[in-house]
Amino acid sequence: MPIVKKRNLQTETRLLLESGDPVELPPAEVDERALLVQFDQFRPFIPELLEELRAGTTAEPVAVMNDGSTFAIHGDTKTFWVKLWHAAGTEMTRIDRAQVLSCIPSTRGMQITVPDEPQE
């Protein structure tokens, strides 16, 4: 199971999503107030992230973070780097907290071609 208990004495009712592999997230209840954003400039894009989490999506580990708990969630126009805490006993169908670390334009489906020979 790709979830572990939160490692502090405050509560054990939240489970931090951790995995080195992609995780299929089922449709989940998530309140907008449960989302913490690293920078206010990400706030306008939060509805897109909420839509993905509420519909169910794939969370892909962000390899450069190397922590096992930062995931990329791909929306239609943005890719969000997030940490997710699910409510214990809900089989990942309720998200208690989501921390948005980054929000970048999505490049999924784009192809970049490089010519074999330099052009003059």
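This report walks through the core, a strand, a helix and some ring contacts of a predicted model.

## The nonpolar core

Let's start in the middle. The largest nonpolar core here has 23 residues. Those with the most contacts inside it are L17, L25, L35, L49, L53, L84 and V100. Where do the core residues come from? At least two are supplied by each of β3 (23–25), β5 (35–37), α1 (46–55), β7 (71–74), β8 (78–87) and β9 (94–105).

Setting aside its neighbours within four places in sequence, L84 is in contact with L15, L16, L17, L25, L53, I95, R97 and A98. Two of those partners, L17 and L25, are also on the list of residues with the most contacts inside the core.

Now have a look at β2, which covers residues 14–17. R14 and L16 point one way, while L15 and L17 point the other. Are these four buried or exposed? They are all buried, whichever way they point.

β2 has a partner, too: three bridges join it to β8, and the two strands run antiparallel. Within this pairing, R14 stands opposite A87 of β8.

S19 has a relative accessibility of 16%, so it counts as buried, the cut-off being under 20%. What does the side chain of S19 reach? It gets to the backbone oxygen of D21, at 2.9 Å.

## Helix α1

Helix α1 has its own set of buried residues: I46, E48, L49, L50, E52 and L53. Notice that E48 and E52 are in that set along with the leucines. L49 and L53 turn up again among the residues with the most contacts in the core.

After α1 comes G56, and its phi is positive, near 90 degrees.

## Rings and a charge

How many aromatic pairs does a search of the whole structure find?

F42 counts as buried because its relative accessibility is 6%, whereas F39 is at 46% and so counts as partly exposed.

One more ring is worth a look. F45 has the charged end of K78 sitting over its ring, 4.3 Å from the ring centre.

Note on methods
Residues are numbered from 1 along each chain as its sequence is written. This is a predicted model: local features need pLDDT of at least 70, side-chain atom pairs count only at pLDDT 80 or more; totals for chains, interfaces and linings use all residues. Side-chain values use heavy atoms; hydrogens and water are left out. A nonpolar core is a set of buried Ala, Val, Leu, Ile, Met, Phe, Trp, Tyr and Cys residues joined through side-chain atoms within 4.5 Å. Buried means under 20% relative accessible area, exposed over 50%, partly exposed in between (1.4 Å probe, protein chains only). Contact means heavy atoms within 4.5 Å. Two strands pair if DSSP finds at least two bridges between them. A polar contact is a pair of N or O atoms within 3.5 Å; within protein, one must be able to donate a hydrogen and the other to accept it, and residues adjacent in sequence count only if both atoms are side-chain atoms. A charge sits over a ring if NZ of Lys or CZ of Arg is within 6 Å of the ring centre and within 35 degrees of the ring normal.
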